[in-house]
Amino acid sequence: MTTHLQSPIHLQLPLSGMSCANCAGRIATSLNKLDGVSATVNFALEQAAIELASPDRLPMVLDSIKSQGYDYGSDTFLFQITGMTCAGCSARLNKMLAALPGVISADVNFSLEQARIVLVPGMQTPAALREQIEALGFGAQLAQGSASGRRQQLLEREAQEAASARQAQTRVIVSALLTLPLLVGMLAMAGLFPWHLPAWLELLLATPVQFWIGARFYRGAWLAIKNRTANMDVLVATGTSAAYFYSLYLLLTLGMAASGKLYFEASAIIITLISLGKLLEARARRSTQSAIRELMALRPETATVWRSERWQSVAIDEVLRGDRLRVLVGERVPVDGKIVSGASELDESILTGESLPVPRRAGDKVLGGAINRSGVLEIEATTVGEDSSLSKIIALVESAQMGKAPLQQLVDKVSAVFVPVVMAIALFTLLVWYAISNDFGQALLAAVAVLVIACPCALGLATPAAIVTGTGVAARHGILIKDVDTLQKAHAIKALIFDKTGTLTQGKPVLASWSGNDEQLRLAAALQQASEHPLALAMREAVGSGVALPQPEAVEVRVGAGIVGQVAGHSVAIGNGSLLAQLGIEVTQQEQQPADGATRVWVAIDGAVAGIAALADTLRPESPEAIATLRQRGIASWLVSGDAPAPVAHIAAKLGLDGAFDSVLPAGKVEKVEALRAQTRGLVAMVGDGVNDAPALAAADVGIAMGSGSDVAMETASITLMRSDPRLVADAIDISAATWRTIQQNLFWAFVFNIIGIPLAALGYLSPELAGAAMALSSITVLSNSLLLKRWQPRAAHGPASNPISKEA
């Protein structure tokens with residue numbers, strides 16, 4: 001029996017029950033104390049990224065989360081089981097499944113012939129579970145699995161969040177209705193109203209607000225105190241309880257004479273305003289998470305597969321590599337694949353950011369999640385499950401969103417001591433005010449104002465909210481940012497090195513000019529049928545697929561020189577000057593003129609030069625605009641290539657580059673990156689697409705891979721561009737800079753609310769009601785500022801990309 005678990009194990013675990021950023025910090029601190037466990041917890045995403053040294057660490061992790069009063073998400077897989085002959089079979093299978101690492105519960109039903117397995121996300125794949133079941137001698141077919149399971153989990157979570165939002169909205173409305181009459185008392189105390197509410201009525205209105213609407217704050221405070229920490233709930237519960245119970249004490253001791261001296265309205269208004277703020281905060285937080293939801297929704301639940309001599313619908317997780325699939329008009333492509341038959345236009349906008357449908361025909365590669373807009377396609381599945389492009393995009397976005405910026409580490413240290421410090425300031429305020437004024441009521445109001453204006457949530461949300469929104473909107477436009485470190489660096493790029501082939505150029509040569517006639521070109525193309533060299537392919541494509549080509553005979557390939565042979569009774573030779581010299585064919589000086597940096601190939605027929613073919617790897621149409629945009633921003637652009645000096649110099653001059661390196665071997669590209677870094681005041685980025693670019697991408701401060709390139713390049717790079725459009729390089733720098741600015745703005749506002757608000761409250765310039773409103777406003781300000789990033793648009797025009805994301809077959 002083989003295991004599919006590897007060490008270390010990486011998990012993305014959904015969490016529930018957190019009320020503020022301090023909760024996230026508390027969970028992370030607790031988990032990181034466990035042996036063999038490393039964890040970061042993101043309050044904005046309500047998710048933990050956990051690394052386990054071995055699977056036996058998992059129970060301790062789950063127990064730690066539960067013991068602190070929080071909960072975690074799970075995946076559910078449903079298998080149809082065959083081969084069970086009695087209840088003993090189901091019991092044996094049930095015992096085996098329940099003992100697997102990561103399995104929370106297993107239920108095998110003999111009568112239904114089904115197994116329902118609930119497990120921690122990421123610990124087991126459907127294929128691994130099926131292999132374990134089959135090892136016991138049973139058959140297993142997935143009825144609901146990883147892709148559909150994650151989608152179902154997402155839908156259930158959305159339904160749960162919607163229900164919680166409706167419940168919270170109802171409570172806020174009830175709280176507001178109960179609190180509004182108490183405003184009369186507040187206006188009366190300010191001299192704006194001639195009479196007070198009866199004291200008993202104030203108590204009657206304030207009590208349900210305090211203990212029903214405010215129950216969430218008491219629960220959160222109890223959890224924090226039980227875990228020997230303090231959070232926002234402790235501040236709110238302490239402040240409102242002080243106002244409520246002091247008012248209750250006055251009522252019990254003074255009776256009806258206490259009317260006009262009570263502070264029930266303060267506690268009720270604070271709870272109402274903060275509850276409203278939490279409702280709006282939850283809505284904004286869900287909006288920042290929309291990118292992952294949109295990407296998950298791209299994955300269809302079923303696919304139409306050719307099996308058993310007929311088309312049949314199967315669960316998406318049952319699709320295997322090599323399966324033949326049919327995609328009708330309007331359907332989403334189920335998995336990554338290659339078109340076997342048919343032609344269509346595919347909408348890849350959510351995957352690559354390309355707004356216009358992209359034409360695809362037989363032999364082209366297609367991405368799972370794209371929408372088929374016109375023709376019926378039959379495709380062969382090439383990558384499925386977690387290896388698919390969509391799964392990798394989702395994993396990359398999730399990984400980036402879980403990261404912590406260096407600034408966040410400072411914020412975490414501040415947050416860890418924030419609440420105790422605020423409580424100490426509140427106690428000091430109470431004592432000083434009472435000592436000066438001898439008015440306990442006034443002293444209490446000042447202390448309560450200090451407690452409720454403190455904004456630990458705004459501090460905790462400042463960085464993750466911006467990162468989640470920024471990386472999400474970037475992914476929506478075809479820019480995948482690998483981690484937070486890249487966000488911090490990208491805006492400081494001062495020099496870029498572009499690999500030439502496939503990055504600034506199309507990546508495949510075409511016939512730029514031909515000095516002979518059409519018949520001579522046809523004979524040359526016929527001889528090139530015997531070669532798979534890129535230049536040979538370019539000559540064949542120049543003739544066109546509709547032209548009949550005779551078969552070549554007596555073909556001889558001369559390495560480093562060219563090719564010779566017989567075509568339709570003619571002796572044909574194609575190659576460089578050395579080949580013609582070998583054959584004794586004279587080349588005139590005029591014929592040796594350079595052809596704009598292109599590779600020149602001579603064609604000789606029957607012992608005489610028939611013409612010169614200039615073959616060039618042409619520039620992408622977007623390249624000039626891309627370089628011009630970078631130049632406007634003060635970013636130097638360089639070119640590196642293994643090609644000869646002439647074509648490299650020609651392209652560098654045509655684009656107006658700051659410099660170029662020619663005849664560079666793959667290993668030498670790293671040296672060029674280091675050399676440019678030594679002479680640049682700022683960071684250096686490398687843009688490439690090939691396997692040979694991977695070392696240079698890793699060596700650069702920021703590596704940027706084009707989406708048409710190799711998987712190795714994309715895995716090595718810090719940023720992946722899902723369209724082969726060099727203009728996206730500037731856009732990637734833009735969104736990184738915009739996200740980093742938003743992080744700084746959020747932290748500024750979060751600190752400003754506290755640095756200005758707490759002293760004003762302590763000096764008595766803020767009432768508890770205004771302090772509560774300011775506290776609610778602080779989190780909403782940070783989240784709203786982050787959501788402004790969703791309006792960001794790439795400057796690269798969304799025209800049809802030349803050779804967009806499809807790779808050469």
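Let's start with a sheet. Four strands form it, in the order β2-β3-β1-β4. The sheet is open, and its pairing is antiparallel. A strand here is a DSSP run of E with at least two residues, a helix is a run of H or I with at least four, and both are numbered from the N terminus. Two strands pair if DSSP finds at least two bridges between them. Which strands stand at the edges? They are β2 (37-42) and β4 (71-72). Each has a single partner strand, so one side of each is left without a neighbour in the sheet. Now look at β4 and its pairing with β1, residues 9-16. The two run antiparallel over two bridges. S16 stands opposite D71 in β4.

A word on the source. This is a predicted model: local features need pLDDT of at least 70, side-chain atom pairs count only at pLDDT 80 or more, and totals for chains, interfaces and linings use all residues. Residues are numbered from 1 along each chain as its sequence is written, and side-chain values use heavy atoms, with hydrogens and water left out.

Now the whole chain. It has 27 helices and 30 strands. There are 809 residues, and 52% of them count as buried. Buried means under 20% relative accessible area, exposed means over 50%, and partly exposed is in between, using a 1.4 Å probe and protein chains only. The accessible surface comes to about 33900 Å². Carbon and sulfur atoms hold 57% of that. These areas come from the Shrake-Rupley method with a 1.4 Å probe; for residues, only the protein chains shown count as cover. Next, contacts, meaning heavy atoms within 4.5 Å. Take the contacts with a separation of 6 or more: 70% of them join residues 24 or more positions apart.

Here is one pair of residues brought together. Q80 sits in strand β5, residues 75-82. Q80 is partly exposed, at 30% relative accessibility.

Next, strand β19, residues 493-499. Six of its seven residues are buried. Which strands does β19 pair with? One is β28, residues 683-688, in the parallel sense over five bridges. Another is β26, residues 636-640, also parallel and also over five bridges. A495 shows both pairings. It stands opposite V684 in β28, and it stands opposite A636 in β26.

Helix α23 belongs in this picture. Its buried residues are G668, K669, V673 and L676. They cover an arc of only 155 degrees around the axis, which puts them on the same side of α23. The arc is taken from the directions from the helix axis to the C-beta atoms. What do these buried residues pack against? The answer is β19, β26, β28 and α24. The face turned away carries exposed residues: A667, E671 and A678.

Now salt bridges. The rule is a side-chain nitrogen of Lys or Arg within 4 Å of a carboxyl oxygen of Asp or Glu. The whole structure has 16 of them.

K669 forms one with D499, the closest N and O atoms being 3.0 Å apart. K669 is in α23 (residues 666-678) and D499 is in β19, 170 residues apart. Both K669 and D499 are buried.

R677 and D701 form another, at 3.4 Å, N to O. D701 lies in the loop between α24 (694-699) and β29 (702-706), and R677 lies in α23, so the pair ties together parts that are 24 residues apart in sequence. D701 is buried, with a relative accessible area of 18%. R677 counts as partly exposed, at 23%.

R360 and E348 also meet in a salt bridge, at 3.2 Å, N to O. R360 is in strand β14 (358-360), and E348 is in the loop between β13 (344-347) and α11 (349-352). Both R360 and E348 are buried. There is a network too: E625, R723, D725 and R727 are linked by salt bridges.

Last, the UniProt record. An unreviewed entry lists several stretches as "transmembrane region", among them 442-468 and 747-766. Positions follow the numbering used here, feature names are shortened, and annotations may be inferred rather than shown by experiment. In the model, residues 442-468 are 93% helix and 0% strand, with end C-alpha atoms 43 Å apart. Residues 747-766 are 80% helix and 0% strand, with end C-alpha atoms 23 Å apart.
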